[in-house]
Amino acid sequence: MTQRVLIAADKFKGSLTAVQVAERVTAGLRRIVPAVEVASLPVADGGDGTVDAAVAAGFERREVRVAGPLGHEVTAAFALRGDTAVVEMAEASGLQRLPKGVFAPLTASTYGSGELLRAALDAGARTIVFGVGGSATTDGGAGMLSALGARFLDADGEPVPPGGGGLDDLATADLSDLDPRFADVELVLASDVDNPLTGPKGAPAVYGPQKGASPDDVAALDSALAHYAKVLEEAAGPRAAEHAASPGAGAAGGIGYGALLLGARFRAGIEVMLDVLGFAPALERVDLVITGEGSLDEQTLHGKAPAGVAAAARAADKEVVAVCGRLALPPEALGRAGIRRAYALTEIEPDVVKCIADAGPILERVAEQIARDFLT
């Protein structure tokens with residue numbers, strides 16, 4: 001009987017895209033079992049690579065010129081199929097949009113992410129999956145809201161400077177001109193983190209250092225975002241305070257908070273993407289699922305793509321194995337997550353630098369071993 005395999009892996013960050021992972025695994029499997037039927041469904045958890053995953057699943061790629069995190073114009077993409085759009089904030093406001101070695105924790109803005117959302121609305125989207133992660137920003141979504149019609153003014157009635165640092169000067173917030181189309185659109189905030197906006201587990205404290213924030217910057221950003229939420233409470237009522245404490249508000253430098261103010265519903269990013277990409281029907285037709293990402297570690301277990309894929313596959317009584325560059329989880333943790341076995345590239349090439357440089361050929365060899373273990 002012909003065996004059927006579904007490859008539903010995320011990217012190996014810094015070496016292979018999710019599409020390339022699927023291609024390399026397919027090549028390795030077929031070298032050992034030429035007749036194996038392979039379906040690929042590249043996945044993402046809402047962070048960078050989310051639009052690419054949607055396009056690989058049949059969405060149309062749409063490009064638009066928007067403001068990058070420092071205000072310079074960039075070409076960013078979203079994905080569209082019918083009246084459903086997948087918008088990835090990292091396309092406009094991600095760390096990859098900063099010049100190499102440059103960080104701007106106090107001044108980077110999400111304005112371009114708001115422009116991307118507006119472009120999706122203009123394209124006819126009635127459902128928008130807003131994937132957030134990998135941001136260069138910690139502005140609480142103020143830039144995004146500004147692009148959609150909000151006004152954030154200082155005591156002199158002038159717009160506050162871009163970025164989270166400028167919110168310390170905020171005196172009034174005017175949301176009366178926010179794009180009215182959001183009242184009739186289903187906006188889904190897709191994220192793998194559930195942090196609140198501020199505090200010890202908030203966006204500045206937990207993620208600010210990854211964006212170049214010093215301890216003083218973190219304190220300044222936390223204070224500025226707390227002030228921002230208070231001013232918004234005066235403008236929008238108690239719901240603004242509730243949203244600031246809600247899970248997901250701190251996602252991607254607080255853009256989650258701005259999305260919640262627009263009426264977004266928060267869902268785990270991988271769950272949303274599996275729904276959008278059609279994972280359940282693809283799962284019905286296969287015997288083995290191969291998932292993975294660059295590093296399988298503790299973070300994987302908290303909402304990352306492989307954990308979501310494994311949970312859904314286990315619920316359907318399908319066997320799951322994982323591929324990764326580096327494995328930092330013991331077998332019992334993998335088992336609890338629904339992963340029968342994990343195969344790491346470093347088992348074949350212990351030198352991490354070589355492993356990253358030659359990830360494709362090594363992954364093919366790993367896939368050959370999976371075929372021997374599970375398909376012959």
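His-243 is found in helix H8, where helices (H or I, at least four residues) and strands (E, at least two) are DSSP runs numbered from the N terminus. The structure is a predicted model, in which local features need pLDDT of at least 70 and side-chain atom pairs count only at pLDDT 80 or more, while totals for chains, interfaces and linings use all residues. Residues are numbered from 1 along each chain as its sequence is written, and side-chain values use heavy atoms, with hydrogens and water left out.

With a relative accessible area of 17%, His-243 is buried (buried means under 20% relative accessible area, exposed over 50% and partly exposed in between, with a 1.4 Å probe and protein chains only). Leaving aside neighbours within four places in sequence, His-243 is in contact (heavy atoms within 4.5 Å) with Ala-249, Tyr-257, Leu-260 and Leu-261.

Helix H8 (residues 238-245) packs with helix H7 (residues 215-236) at an angle of about 145 degrees, the axes being 6 Å apart; axes are lines fitted to C-alpha atoms, for helices over the stretch in contact, and angles run from 0 to 180 degrees between N-to-C directions. On the H7 side the contact involves Ala-229, Leu-232, Glu-233 and Ala-236, which meet Pro-238, Arg-239, Ala-240, Ala-241 and Ala-244 in H8.

Tyr-228, in helix H7, and Tyr-257, in helix H9 (residues 251-261), are 29 residues apart and link distant parts of the chain. Rings of Phe, Tyr and Trp (its six-membered ring) pair if their centres lie within 6.5 Å, with planes under 30 degrees apart counted as stacked, over 60 as edge-to-face and the rest as tilted; by this rule the count comes to two aromatic pairs. The ring centres of Tyr-228 and Tyr-257 are 5.7 Å apart and their planes lie at 75 degrees, so the pair is edge-to-face.

Leu-301 is partly exposed, with a relative accessible area of 31%.
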